[in-house]
Amino acid sequence: AWLLTGTLVVFLMQAGFAMLEVGSVQIANVTVILLKNIFDASLAALWWWATGYALASGSDPYSDTGANGVVGRSGFFYEGHGSGDDASPLTQTPHAKTYGQATWAFQWAFAGAAA
């Protein structure tokens, strides 16, 4: 519950940014600015789902090969391979799956607010 509350608070930053932008433009441009902010949040969600979560939280072969361990190489489009902690949130136990989805949403809210 706390993680989802944090997600909501961070996502509401998007609304705050929208109101800041709306206050900075003429009345004729308000609709365009609000649509731009909706588009921005939607595009951030799509990119976070496709690549962002995998690059930020995906597993990497550093411990096996010694290759670069900076970015993840699995979990693109919110799918993954492996078992245990390395498994995709879609293949874990129901509790871990729910927590994984909440973590994904929390990180997406920050990525969207930063975009």
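Read from the N terminus on, the order of elements is α-α-α-α. This is a predicted model, in which local features need pLDDT of at least 70, side-chain atom pairs count only at pLDDT 80 or more, and totals for chains, interfaces and linings use all residues. Residues are numbered from 1 along each chain as its sequence is written, and side-chain values use heavy atoms, with hydrogens and water left out.

Next, colour by burial. Of the 115 residues in the chain, 28% are buried (under 20% relative accessible area; exposed is over 50%, partly exposed in between; 1.4 Å probe, protein chains only).

Now select helix α1, residues 2–22, together with α2. Their axes lie 9 Å apart at an angle of about 155° (axes are lines fitted to C-alpha atoms, for helices over the stretch in contact, and angles run from 0 to 180 degrees between N-to-C directions). The two helices are therefore roughly antiparallel, a label for angles over 145 degrees.

Stay in α1 and pick A18. Is A18 buried or exposed? A18 is buried, at 5% relative accessible area.

Move to W49 in helix α2, residues 30–57. W49 is partly exposed, with a relative accessible area of 37%.

Conventions: Helices (H or I, at least four residues) and strands (E, at least two) are DSSP runs, numbered from the N terminus. Angles under 35 degrees count as roughly parallel, over 145 as roughly antiparallel, 65 to 115 as roughly perpendicular and the rest as oblique.
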